[in-house]
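Student: Hi! I have a new structure to look at. Could you walk me through it?
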Amino acid sequence: MNKKLLTCALALSAAMASFAQTHVMDVNTKKAGATVQNTMYGLFFEDINYAADGGLYGELVKNRSFEFPQSFMGWQTFGNVTLKNDGPFERCPHYVELGYAGHSERRTGLVNEGYFGIGVIKGEEYRFTVWAKAPKGTARIRVQLIDANTMGERQDFATAKLDVNGTEWKKYEVRIKSPRTDNKASLRIFLDGKNPVALEHISLFPVNTFKNRENGMRRDIAQALADMHPGVLRFPGGCIVEGECLDNRYQWKNTIGPVENRPLNRNRWEFTFEHRYYPDYFQSYGLGFFEFFQLSEDIGAEPLPVLNVGMACQYQNRNNEKAHVPVDELDPYIQDCLDLIEFANGDTTTTWGKKRAEMGHPAPFNLKFIAVGNEQWGDFYFVRMQKFVDAIRAKYPKIQIIGTSGPDSEGKNFDLGWEAMKRQKVDLVDEHFYRPESWFLTSGLRYEKYDRKGPKVFAGEYACHGKGKKWNHYETSLYEAAFMTDLERNADIVHMATYAPMLAHVEGWQWRPDLIWYDNVRLFKSVSYYVQQMYAMNKGTNVLTMTMDGQPIAGQEGQDGLFASSVIDKTSGTVIVKVINTNKQKQPVSINLSGIKGERKAETITLTCTDMMAENTLDEPEKIVPQEGSLNCEAGKKNTVINDEIAPMTFRIYKVKK
Ligand code: AHR
């Protein structure tokens, strides 16, 4: 082709692109279809990436009970400090004794480094508590917040004094107000005077936790969870349910009762990835099952506990059946499951309901769902699961049981998993898919093909993992939005979906992308968070049929990268249309709202960005956030029409009152 012709051809194709054909879409607002479950868009919690200790859980002291295998991990000691192990808490027996250093100018004490530092905020109060006794008469300690690395005159910037005055163990408390914000403070304790003092369960919490609970959650993180308006909260994982061996599986009974006596557990994410190794990653279980149920209630989400099925992580044990509990020894695991249901729902005269009441919640938590097994597959799982199903059905026929199809989004194990779960008649199947861009773009009709007579779907863990770019950049979040139109379109069978993982400390992560990131004093919500929130806050009550040329709009050939779905909110009479343009060109659309007539105003919510690699960060937490707007809908010949041009790589929601 000569140069002139080439220039003409390029100009023509550019012109064609800018005059892209209008995509005519039809929404039938006259017939409300399947109910969108209240549980549809939820949250998945796992203690990975320092999500519990060092994250959501408000505790600021690491290794507060000296139970880590290296007893002083997280602590510096100086002077005359002795570790002892006959403390008042049976399952956490260690404590320290601070004795006279031998000279009035010498010092005895401890410094705790927190989780990547201790985060304190200017003007906020912190509650220091400790179990203590003074065997030889009143002993005094000084408690300080310090900046050990300052070039200023003083390291300490807040101090409190505490007198310990009994020979028996007692809980003491003193409050400290921080005059500054510091992401990396430390907690220092000095012994004052000659009398020794014994200290156990040394704790520092913000007073201002979420809902002001003493053993509470970090307020900003918990608020971000509430702000997503989640329908369900799945906990406590993830692979953490299984453990790399059964020894460190998650055992809910160890996580309830007084926090001082909850035994420590090794967090399997400490060593799962050698390239991101965190030797100080343990589970204090301060955020335990009672707190999870309470958090679910606080944020308006149905609680969804996941329990171990008698199996250790299959990834880490391959085909070794010896890693799992023998089938004829499963009873204690099944009993744990039945007891959990009693803990959540039993009245206060029952053994476990009474324990819940003693923890401050006499009313039942109204548990409706229980999942058994995380990413399990094959006969090892099917045989064990059947026993759980039989036992739960026999005792609690109303509880909905969730099984798993394993870690793959499709393939042999996935198919066998679904077949087994159907045979066992579980209520929902938990599917997981961490997949690349191409999978998300080509799976727009995934759930259309599902058997309507079998169990429902719980998309329990999913996220778009960019090929070679596994972080929270804009492009992958947009593809998640596109894929989610299929969840919505198939709400008759998809009853729950939870993006994963949920939380990550910027200095302590093992896995990304994640929904919410934080350091010790700040957080940011990823673009994926906003995608989830846009769906959750606009989930409507019923699905509406929405098509283009009679076909679902799911990025199919000829649909120019458009994905769309629609719902109606019957309570407010609002039609909600979601359109995602995954094309790098803008796309004109004309959306007929059959059943609505005349001119209308549509409220819009738009998520857009021109830089596909861009992401929100701690320094720019609101770089990419949804923008609210409006547009006028036209009175078409037959019905109201939304005429719009959707920018490249954009997610837009339209809301029109009927
Ligand atoms: O979300 C991180 C991990 O991914 C979960 O623990 C596990 O279930 C999945 O493999």
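This is a predicted model: local features need pLDDT of at least 70, side-chain atom pairs count only at pLDDT 80 or more; totals for chains, interfaces and linings use all residues.

Student: Okay, ligand then. Which residues are around the ligand?
Tutor: Around the ligand you will find Glu46, Gly238, Cys239, Trp269, Asn374, Glu375, His432, Tyr434, Glu461, Pro501 and Trp511. Sorted by class, that shell has five nonpolar, three polar and three charged residues.

Student: Which polar side-chain atoms lie at 2.7 Å from an oxygen atom of the ligand?
Tutor: Tyr434 has a polar side-chain atom 2.7 Å from a ligand oxygen, and Glu461 also places one 2.7 Å from an oxygen atom of the ligand.

Student: And what about Glu375?
Tutor: For Glu375, a polar side-chain atom is 2.8 Å from an oxygen of the ligand.

Student: How much of the ligand does the protein bury?
Tutor: The ligand exposes 280 Å² when taken alone, and the protein buries 96% of that.

Student: Gly238 was on your list of residues around the ligand. Where is Gly238 placed?
Tutor: Gly238 sits in the loop between E14 and E15. The peptide bond leading from Gly237 to Gly238 is cis, with omega near 15°.

Student: What about the bond from Phe235 to Pro236?
Tutor: That peptide bond is cis, and its omega is near 0°. Pro236 belongs to the loop between strand E14 (232-235) and strand E15 (265-266).

Student: Switching to helices: at what angle do H5 and H7 cross?
Tutor: Helix H5 (residues 331-345) and helix H7 (residues 378-395) cross at roughly 35°, and their axes come within 10 Å.

Student: Is that crossing left-handed or right-handed?
Tutor: The crossing of H5 and H7 is right-handed.

Student: Which residues make the contact?
Tutor: H5 contributes Tyr333, Ile334, Cys337, Leu338, Ile341 and Glu342, while H7 contributes Lys387, Phe388, Ala391, Ile392 and Lys395. By class, the contact of H5 with H7 has eight nonpolar, three charged and no polar residues.

Student: Last one: what is phi of Phe116?
Tutor: Phi of Phe116 is near 55°, a positive value in a residue other than glycine. To find Phe116, look in the loop between strand E6 (109-112) and strand E7 (118-120).

Notes. Residues are numbered from 1 along each chain as its sequence is written. Side-chain values use heavy atoms; hydrogens and water are left out. Axes are lines fitted to C-alpha atoms, for helices over the stretch in contact, and angles run from 0 to 180 degrees between N-to-C directions. Helices (H or I, at least four residues) and strands (E, at least two) are DSSP runs, numbered from the N terminus. A crossing is left-handed if the near helix is turned anticlockwise from the far one by less than a right angle, and right-handed if clockwise. Contact means heavy atoms within 4.5 Å. Ala, Val, Leu, Ile, Met, Phe, Trp, Tyr, Cys and Pro count as nonpolar, Asp, Glu, Lys and Arg as charged, and the others, Gly among them, as polar. A residue is near a molecule or strand if one of its heavy atoms lies within 4 Å of it. A polar contact is a pair of N or O atoms within 3.5 Å; within protein, one must be able to donate a hydrogen and the other to accept it, and residues adjacent in sequence count only if both atoms are side-chain atoms. Accessible areas come from the Shrake-Rupley method with a 1.4 Å probe; for residues, only the protein chains shown count as cover.
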